[in-house]
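Please read this note with the structure open beside it.

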Amino acid sequence: MALEREADDNGVGSGVVDAKRQWDMVLFGALCLLPTLLVLPSLNARGATRHLVGTVAAVSVLAYAATVYLVRVVTLATLRRGMFGYDINKKGTPAGSVRVPEAAGLAPGCVYLASLTVLQCAHLLLGGQAAAHWAVEHNSALATIGFAVFLGFVDDVLDLPWRAKMIVPACAS
């Protein structure tokens with residue numbers, strides 16, 4: 001609750017969602033879960049696959065909750081430190097004077113990396129030897145994503161020149 005009150009003071013938004021928007025979010029979430037719920041009964045043959053699907057669902061719900069919480073925390077921290085900008089596409093309107101936090105993308109990027117790491121561990125535990133073959137490629141993908149998140153944060157903080165933004169991702173991949 002303190003985070004919401006402080007967000008109101010900083011002009012970020014109250015976090016209150018109107019009833020129509022909330023219904024739309026519930027409907028969208030249900031539609032996203034529908035394919036998993038349709039496939040789940042057919043997974044009776046392999047218990048490990050069923051456990052893996054349950055683990056993915058649990059980690060996804062936890063990742064969503066962590067992202068919602070951490071975006072608020074990072075937003076408030078960056079606004080307190082003065083790391084914000086203004087939306088240049090809304091210049092001249094009342095929305096053009098709203099402070100936009102610079103490094104808010106750090107929270108979902110880190111939660112995404114953490115959830116992928118947890119899911120990789122679960123797949124290695126439940127998948128056996130077949131899962132071990134793709135671990136090297138998965139780890140290299142995680143390193144590339146981690147480097148991209150780090151580059152985005154450094155760009156927000158240091159305002160890198162465009163030449164560095166072109167060269168560094170090529171080295172990361």
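1. Which helices each supply at least two residues of the lining of the largest pocket? They are helix 2 (19-39) and helix 3 (47-80). Helices here are DSSP runs of H or I with at least four residues, strands are E runs of at least two, and both are numbered from the N terminus.

2. A word on the source: this is a predicted model, in which local features need pLDDT of at least 70 and side-chain atom pairs count only at pLDDT 80 or more, while totals for chains, interfaces and linings use all residues. Residues are numbered from 1 along each chain as its sequence is written, and side-chain values use heavy atoms, with hydrogens and water left out.

3. The protein has seven helices and two strands. Read from the N terminus, the order of elements is α-α-α-β-β-α-α-α-α.

4. The volume of the largest pocket is about 370 Å³. Rolling a probe the size of a water molecule over the atoms shows where empty space is left. A pocket is an open set of points, on a 1 Å grid over the protein atoms alone, where a 1.4 Å probe fits, with protein on both sides within 12 Å along at least five of seven lines; lining residues have an atom within 4 Å of a point. Grid points are joined across faces, edges and corners, and the volume is the space filled by probe spheres set on the points.

5. The residues lining the largest pocket include Met 25, Phe 28, Cys 32, Val 53, Ser 60 and Tyr 64. By class, this lining has nine nonpolar, three polar and no charged residues. Nonpolar covers Ala, Val, Leu, Ile, Met, Phe, Trp, Tyr, Cys and Pro; charged covers Asp, Glu, Lys and Arg; the others, Gly among them, are polar.

6. Of the 173 residues in the protein, 18% are buried. Buried means under 20% relative accessible area, exposed means over 50%, and partly exposed is in between (1.4 Å probe, protein chains only).

7. Is Thr 78 buried or exposed? Thr 78, in helix 3, has a relative accessible area of 7% and is therefore buried. Leaving aside neighbours within four places in sequence, Thr 78 is in contact (heavy atoms within 4.5 Å) with Met 83, Pro 101, Glu 102 and Ala 103.

8. His 138 belongs to helix 6 (residues 135-158). His 138 counts as buried because its relative accessibility is 18%. Beyond neighbours within four places in sequence, His 138 is in contact with Leu 116 and Gln 120. The side chains of His 138 and Gln 120 are joined by a polar contact of 3.3 Å. A polar contact is a pair of N or O atoms within 3.5 Å; within protein, one must be able to donate a hydrogen and the other to accept it, and residues adjacent in sequence count only if both atoms are side-chain atoms.

9. Ala 65 and Ala 66 can be taken together: helix 3 holds Ala 65 and also Ala 66. Ala 65 is partly exposed at 45%, and Ala 66 is partly exposed at 27%. The C-alpha atom of Ala 65 is 9.9 Å from that of Val 111, and for Ala 66 and Val 111 the separation is 7.0 Å.

10. How many disulfides are there? The count is zero, a disulfide being a pair of cysteine sulfur atoms within 2.5 Å. Cys 110 is partly exposed at 41% relative accessibility, and Cys 121 is partly exposed at 41%.
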